[in-house]
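These are my notebook entries on a structure I had not seen before. I wrote down what I looked up, in the order I looked.

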Amino acid sequence: WAEPKSGKKKEVRFLYATHDEARFSAVKKALKQLPKDTVWFRFEPMILHVACKTLDDAQHLLDTAQPLFKHSGIIATKKLVVEIRGSEFIETPIAQDRMLVSDDYLKILLSEANRKLEKNKEKINALNKLLK
C-alpha cells in the first residue's frame, strides 16, 4: 500500500491486495508506477469480530479460539464482542520514490507472506472444526 504523507489510514491507497496466494508477476506489475508516497509490503492475518449475547458465550468462544489465535480478546462497549486475531504479520517499507529492495528480497517477502497465509487458513479450518 502507499502511505500518504498525512499518515491517515483513510487515505491509504492499495496498490495490490489479495486473499489468495500472491504472485511475483502481479506484485511487480502493481509496482510499475511507483507513487511519491512510501510503499509498504504488508501481510495481515485473519481478524474476526463476533458479537455475543452473554459474557459466558463470549468467554466460551474466546477459550475455544485462543489456543489457535493468541492475540484474541473480549471487547466490551455497548455490546460484547470477541475479536479473534492471528499473529502472523509482515510490515516493511519497500519503496520510497524508488524501489528499496531487490527482486530477490521481494520474492522472499512474498514466499513468507504466502507461507503465513497458508498457516492462517489452517488455523481457520481448525477453529471451524472446534466450533462445529
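**Entry 1, ground rules.** I am working with a predicted model, in which local features need pLDDT of at least 70 and side-chain atom pairs count only at pLDDT 80 or more, while totals for chains, interfaces and linings use all residues. Residues are numbered from 1 along each chain as its sequence is written, and side-chain values use heavy atoms, with hydrogens and water left out.

I took helices (H or I, at least four residues) and strands (E, at least two) as DSSP runs, numbered from the N terminus. Two strands pair if DSSP finds at least two bridges between them. I found an open sheet of 3 strands in the order β1-β2-β6, with antiparallel pairing. β1 and β6 are its edge strands, each pairing on one side only. I counted 2 bridges between β1 and β2. Alanine 2 is opposite valine 39 in β2.

Which strand is joined to β5 by 6 bridges? It is β3 (residues 47-52), and the two run antiparallel. There, leucine 48 faces isoleucine 84 of β5. β4 (residues 73-76) is also antiparallel to β5, with 4 bridges, and isoleucine 74 has valine 82 in β5 as its bridge partner. I noted that β4 and β5 make a hairpin with 3 residues between them. I then checked burial (buried is under 20% relative accessible area, exposed over 50%, partly exposed in between, with a 1.4 Å probe and protein chains only). In β5, 5 of the 6 residues are buried.

Buried residues of α3 include Leu106, Leu109, Ala113, Lys116 and Lys123. The buried residues of α3 pack against α1, β2, α2, β5 and β6.

The largest has 15 residues, of which Leu31, Phe41, Ile90, Ile94, Leu106 and Leu109 touch the most other members. β2, β6 and α3 each give two or more residues to this core, and α3 gives the most, with 5. Another core, of 10 residues, lies apart from it, with Met46, Cys52, Ala58 and Ala65 among its members. I also looked up isoleucine 90; contact means heavy atoms within 4.5 Å. Beyond four places in sequence, isoleucine 90 touches Phe41, Arg42, Phe43, Leu109, Glu112, Ala113 and Lys116.

**Entry 6, rings.** Rings of Phe, Tyr and Trp (its six-membered ring) pair if their centres lie within 6.5 Å; planes under 30 degrees apart are stacked, over 60 edge-to-face, the rest tilted. I found 1 aromatic pair in the whole structure. Tryptophan 1 and phenylalanine 14 are edge-to-face, 5.6 Å centre to centre with 70° between the planes. Tryptophan 1 is before β1 and phenylalanine 14 is in the loop between β1 and α1, 13 residues apart.

Note on methods: A nonpolar core is a set of buried Ala, Val, Leu, Ile, Met, Phe, Trp, Tyr and Cys residues joined through side-chain atoms within 4.5 Å.
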